[in-house]
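This report describes how the parts of one model are arranged and where they meet. Look over the sequence and the structure first, then read on.

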There are 2 protein chains.
Amino acid sequence: MSGNPVFGQRIRDLREARKRTDPNFSLRKFAKAVGISPTFLSKIETGEFDPPAADKIIRMAELLEIDADELLAIAEKVDPELTEIIRERPVAMADFLRTTRGMSAEKLQELTERLRREVESEEDDRQS
Amino acid sequence: MSGNPVFGQRIRDLREARKRTDPNFSLRKFAKAVGISPTFLSKIETGEFDPPAADKIIRMAELLEIDADELLAIAEKVDPELTEIIRERPVAMADFLRTTRGMSAEKLQELTERLRREVESEEDDRQS
DNA sequence: CCCGGTGTGTACTATATTCTAAACAGTAAT
DNA sequence: ATTACTGTTTAGAATATAGTACACACCGGG
């Protein structure tokens, strides 16, 4: 891996859009807010360098007010929080994830919805 | 991170057990079969070095005939295959995983079972 | 006693990841 | 023409990851 023009362009587009109404979104100011050097951000935006570490990508998403998972996806990275969730129940989760291989994204979202309702009603049970 | 005595001891115990009936499980021979140097394996088993890369751990599990996910779990690593699965549907999967945070391992296994049946019946539908 | 095996200690090494400082060139306003 | 910004280029460096080569000390059989 070396450089990700799609990620870089995305950041630049979003940053420049915000810069039109907010002077705090110059390359230098944004870099500082993210916690990286202007040098590094420049290289990233022009696609010369790889995207930064996951925590920096998450900070970028916050500042640009977009979904962090989407941005992480473009960077071809996985949120460390997710690997942490896997590490909490390694075998069961590994089993589950491999089972979802054949599933469409829609089916997965449907499943998540169903699950969320179940978890919520479980919490209700505990309260009543 | 530096050294994982639990992982090391586990490998040593399993390897020595196998060595009692199979001379191919000496430290040197096992290291060679795994694809690492005897030096490295020695350091790992005594807990002086971190566990090796995920692919080497998976190879160890194969040779020792135990569950790779369990061994990866002890090493506090995640099978790259799993992060690959996440990267295939990043947003939906992130959403799902965070939803399972509150769930017990049993509930998760139950869910996987249910899901497996659903996926199978979908495949049946396509065939008929 | 030496030969083939056991595991171990010393001393590094290669590669990837994640970045930085400082100088530079351009623009726009005072 | 100086100030105050803009982004960019050159030339690295710090840290982590994932290891290796080689010499050593020990032990059992011939």
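## Two copies and their axis

The model is a predicted one.

## Where the chains touch

The contact between the two proteins involves 35 residues of chain A and 35 residues of chain B. On the side of chain A that touches chain B, at least two residues each come from helix 5 (68-74), helix 6 (80-88), helix 7 (90-99) and helix 8 (105-127) of chain A. Helix 7 of chain A has the largest share of this side, with nine residues. Sorted by class, the side of chain A that touches chain B holds 19 nonpolar, six polar and 10 charged residues.

Do the copies meet through the same surface or through different ones? Of the interface residues of chain A, 100% are also interface residues in chain B, so the copies meet through the same surface.

## Around DNA strand C

DNA strand C is surrounded by 19 residues. The closest are Ser37(A), Phe40(A) and Ala53(A) from chain A, and Ser26(B) and Leu27(B) from chain B.

Helix 3 of chain A, helix 2 (27-34) of chain B and helix 3 of chain B each provide at least two residues of the surface near DNA strand C. Which helix gives the most to that surface? It is helix 3 of chain B, with four residues. In terms of class, the surface near DNA strand C consists of eight nonpolar, six polar and five charged residues.

## Around DNA strand D

The surface near DNA strand D takes at least two residues from each of three helices: helix 2 (27-34) of chain A, helix 3 (38-45) of chain A and helix 3 (38-45) of chain B. Helix 3 of chain A supplies five residues, the largest share of this surface. Seven nonpolar, six polar and five charged residues make up the surface near DNA strand D.

Notes:
Residues numbered from 1 in each chain as written. Chains lettered and ligands numbered in written order. Predicted model: local features only at pLDDT ≥ 70, side-chain atom pairs only at ≥ 80, totals over all residues. Nonpolar A, V, L, I, M, F, W, Y, C, P; charged D, E, K, R; others polar. Contact = placed C-beta atoms within 7 Å. Near = placed C-beta within 6 Å.
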